[in-house]
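I opened this entry to look up charged side-chain pairs. Notes follow in the order I checked them.

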Amino acid sequence: MSEIKQIVSMRLENTKREQVQALATRLYVRESDLYRFAVAYLISKLEHIMDSSHVGSELLPLLLELREEINSHLNIKKHQLFKIVNSGHTPPDKFVAMADIELLLMPQHSLKQHLLKLGERPKDSNDGEEWLKSYLYKKYDLSEPDALPDRI
């Protein structure tokens, strides 16, 4: 039994389309296969957001990992992200403060300055992303994920 498929249209900048074409050529696949792969990959990456049992601080590791992409491509506002993270049934121990939601959406150049105002000091790095991760993991008592092998 095959699933019914729908045709989807999207607008892409010429440079993005050319990159997809080049990548499809390099991988010896059709361009449409690459688009389907990208959608499937995105859905698997965001599965915790789709699962309503994952709420509050449980979503922070994923949001930290995708912070740059969310900020540059989705144009999500702080109230939207607050609703996504703190849905109606978030237990108090997993509730994420609006100030921390704002940190997730803050541009890189403002992030370090804001973290310094909060009293956060870097350990070994001057990287704002690492500061933010350290701050949120500590504040919300999140455990560090197991080390993953370097990307190939």
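Which side chain meets D33 in a salt bridge with an N to O distance of 2.7 Å? I looked it up in the model, which is predicted. The partner is R36. I then checked where the two sit. D33 and R36 are three residues apart in helix α2, so about one helical turn separates them.

Next I read the accessibilities. D33 has a relative accessible area of 27%, which makes D33 partly exposed. R36 is partly exposed too, at 47%.

I went back to D33 for other partners. R30 also forms a salt bridge with D33, and here the closest N and O atoms are 3.0 Å apart. R30 has 53% relative accessibility and counts as exposed, because the cut-off for that class is over 50%.

Then I turned to E31. What does E31 pair with? I found a salt bridge to R17, with the closest N and O atoms 2.4 Å apart. E31 lies in helix α2, residues 31-45, whereas R17 lies in helix α1, residues 14-27. The pair therefore ties together parts that are 14 residues apart in sequence. R17 counts as partly exposed, at 38% relative accessibility.

Last, I took the total. How many salt bridges does the structure hold? I get eight. Among them are E31 with R17, R30 with D33 and D33 with R36.

How values were computed:
Residues are numbered from 1 along each chain as its sequence is written. This is a predicted model: local features need pLDDT of at least 70, side-chain atom pairs count only at pLDDT 80 or more; totals for chains, interfaces and linings use all residues. Side-chain values use heavy atoms; hydrogens and water are left out. A salt bridge is a side-chain nitrogen of Lys or Arg within 4 Å of a carboxyl oxygen of Asp or Glu. Helices (H or I, at least four residues) and strands (E, at least two) are DSSP runs, numbered from the N terminus. Buried means under 20% relative accessible area, exposed over 50%, partly exposed in between (1.4 Å probe, protein chains only).
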